[in-house]
Amino acid sequence: MKNAAVIFKKEIKEVIRNKNIWMPILIITAIFSIVMPLVLILGSGSILKDEDTINFINKMFGQVGDPLKVLIGFALKQLLIFLLILPAMVPSLIAPSSVIMEKENNTLEPLLATPIKTSELLLGKSLTAMVPAFVISTINFIILIIVVDTAAFIKLGYAPLPTVEWVIVAFLLSPILSFILTMASIIVSSKSTDIRAAQGIGSVIILPIYLVIGLQLAGFFLLNITYLLIGCLILLVICPLVLRLAIKIFNRENILTRWKMKA
Amino acid sequence: MITVENLTKKFETITAVENISFNINESEIFGFLGPNGAGKTTTIRMLSTLISQTSGKMTIDNRSPESDGEYIRSIIGLLTESPGMYEKISAYDNLDYYSSFYSISNTIRKNNIKKYLKMFDLWDRKDDLAGTYSKGMKQKLALSRALIHKPKILFLDEPTAGLDPESAHMVRNFIESLKKEKTTVFLCTHNLEEASNLSDRVCIIKRKIIRIATLSELQSDDKNKRVEIVFTDDADRYIKLMEEIDEIKNIQTDKNKATLVIGKPEISNPIIIKKLVDSGAGVLYFNEIKATLEEIYLDLIKDKEAK
């Protein structure tokens, strides 16, 4: 554990200094946690002037008392999924660079020649991706709540968040998802020839989240506590599988001889 | 300290190292020589437990890499051919980071970092980012990294590559001094003069081992012995006379010097000297010319290629 902590301490400093990691995160936070909720909530009044929108709400939710409340409730269900984008995106930004840069800079071989265990190296690298993902997600969650509640209070006179669904997503589903995507990124990094390939594949891994967003927007289902808990259970089953695969693939010989060598 | 028996490493269809065997004693400097792609780096990687062998056995400090990899890595130091450093952190922090993985106290760790940074003239720039270092400085920093935990066995892959002559001289003296500290050194180098000056024994490899011997054994095995005769006057005057001596295979002259390729010296030399003196030649000196490691190496590699 001590060696994993040494790796984490050094790597996290590099992550904090790396603008290439922070800039996309800041942009996404600004869009999904500030701009989008403000537009959705503050602009919902004008949307409801449109007859087609009223018809859509009536068709989807039946005859409702206050269409504005229903529309904001629907918007919050969408924002709930956006909460998963950062925990999915951060590991795929950090893990491949944390692993492949070692190889590209020729620092990995001397590191592997120390008494460090491969499991400690894997843990250190994983924490470097998962801890920022969790911290950023939590900050994002807090910002979203403040923005949504403030805007909703101005518009409707009440603060709708946090709900149980939001707490499940932020503190259960997000960490599980971060773990799976971190392991997946490390597996992909172990097999990739260079950092761009690893990050490209990493971005494909988060496609299922966009699929859930799309399906919900298309009206196939609406996320509720039951769906979210089922999702958590499915992902929890996947966790030990990806961990086992990552440990199997992330071994000294694999990462030294199968990765692209820098001339 | 190191025993290797019939070690083979295959990468899919390519055999990098085939059936190599050798022993290295404690505090020995073992020169490991061969052309590019001969299997030197693969051998170092197997010995430092980074990759496993396809077949064969090896022990390091009487331990097997399969069961005691962690122990082995704790007693070895490795300088790789292209040593990389974390460019965005200081030289001091680089050494501090790598040394954190060894079981040494903080005080010893800090003392060792200071010792080696001072020894390699890097102490004044210890807080500079490693990325701002020149190639030679990085090489010295990498050497410090390999030494920071006082390893029992040191694997050095081209230790003086990229160093200026003064630094290279200092590193060579340092490698030599490691013998006194009972450190075993496995030295891979293309600098044959360096190998010849430092190594107790050399191993010449090209996928398979071609020869393991001391320099003097290699020289005494050399089929073409050479002697140099310095005359009191022009050597060309004696060419005809020397050509009549059957024991001389080849003659080259330069002013008052003649270099002769001969057969067995114990038979040839008395005959040559007697004939020259009897015919009145003014012989000032008669010296044996020992083949350099470079000449022997090139001959052995050429022979191997011819086979």
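Hi everyone, let's start where the two chains meet: across the interface of chain A and chain B, the rule finds nine residue pairs in polar contact, with both residues at pLDDT 80 or more. A polar contact here is a pair of N or O atoms within 3.5 Å; within protein, one must be able to donate a hydrogen and the other to accept it, and residues adjacent in sequence count only if both atoms are side-chain atoms.

Which elements of chain A give two or more residues to the side that touches chain B? They are α1 (2-17), α7 (108-112) and α13 (252-257) of chain A, with helices (H or I, at least four residues) and strands (E, at least two) taken as DSSP runs numbered from the N terminus. α1(A) gives the most, with seven residues. By class, that side of chain A has 10 nonpolar, six polar and nine charged residues. For those classes, Ala, Val, Leu, Ile, Met, Phe, Trp, Tyr, Cys and Pro count as nonpolar, Asp, Glu, Lys and Arg as charged, and the others, Gly among them, as polar.

A quick word on the ground rules. This is a predicted model, where local features need pLDDT of at least 70 and side-chain atom pairs count only at pLDDT 80 or more, while totals for chains, interfaces and linings use all residues. Residues are numbered from 1 along each chain as its sequence is written, chains are lettered from A and ligands numbered from 1 in the order in which they are written, and side-chain values use heavy atoms, with hydrogens and water left out.

Back to the interface. Chain A brings 25 residues to the contact and chain B brings 26 residues, contact meaning heavy atoms within 4.5 Å. About 2400 Å² is buried between chain A and chain B, with carbon and sulfur atoms giving 60% of that area. Buried area is the accessible area (1.4 Å probe) that two parts lose on being put together, summed over both.

How many salt bridges are there between chain A and chain B? The count is two, a salt bridge being a side-chain nitrogen of Lys or Arg within 4 Å of a carboxyl oxygen of Asp or Glu. B:R45 and A:E109 meet in a salt bridge through their side chains, at 2.9 Å, N to O.

Over all chains, the salt bridges come to 21. One of interest joins the side chains of A:E165 and A:K77, at 3.1 Å, N to O. A:E165 lies in helix α9 of chain A and A:K77 in helix α5 (residues 67-82) of chain A, so this pair ties together parts that are 88 residues apart in sequence.

Now for chain A itself. Chain A has 13 helices and zero strands, and its C-alpha trace spans about 70 × 35 × 30 Å along its principal axes. Do look at α8(A), residues 118-156: its 39 residues reach 55 Å from first C-alpha to last, close to the 57 Å expected at 1.5 Å a residue. That expected span is 1.5 Å times one less than the number of residues. α8(A) also has a kink of about 25°, centred on A:L127, where the bend is the angle between axes fitted to the seven residues ending there and the seven starting there. After α8(A) comes A:G157, with a positive phi near 85°.

Finally, some backbone details. Most residues other than glycine have a negative phi, and most peptide bonds are trans. The peptide bond from A:L161 to A:P162 is cis, with omega near 0°, and A:P162 sits in the loop between α8 and α9 (164-191) of chain A. A:N106 is not a glycine, yet has a positive phi of about 60°.
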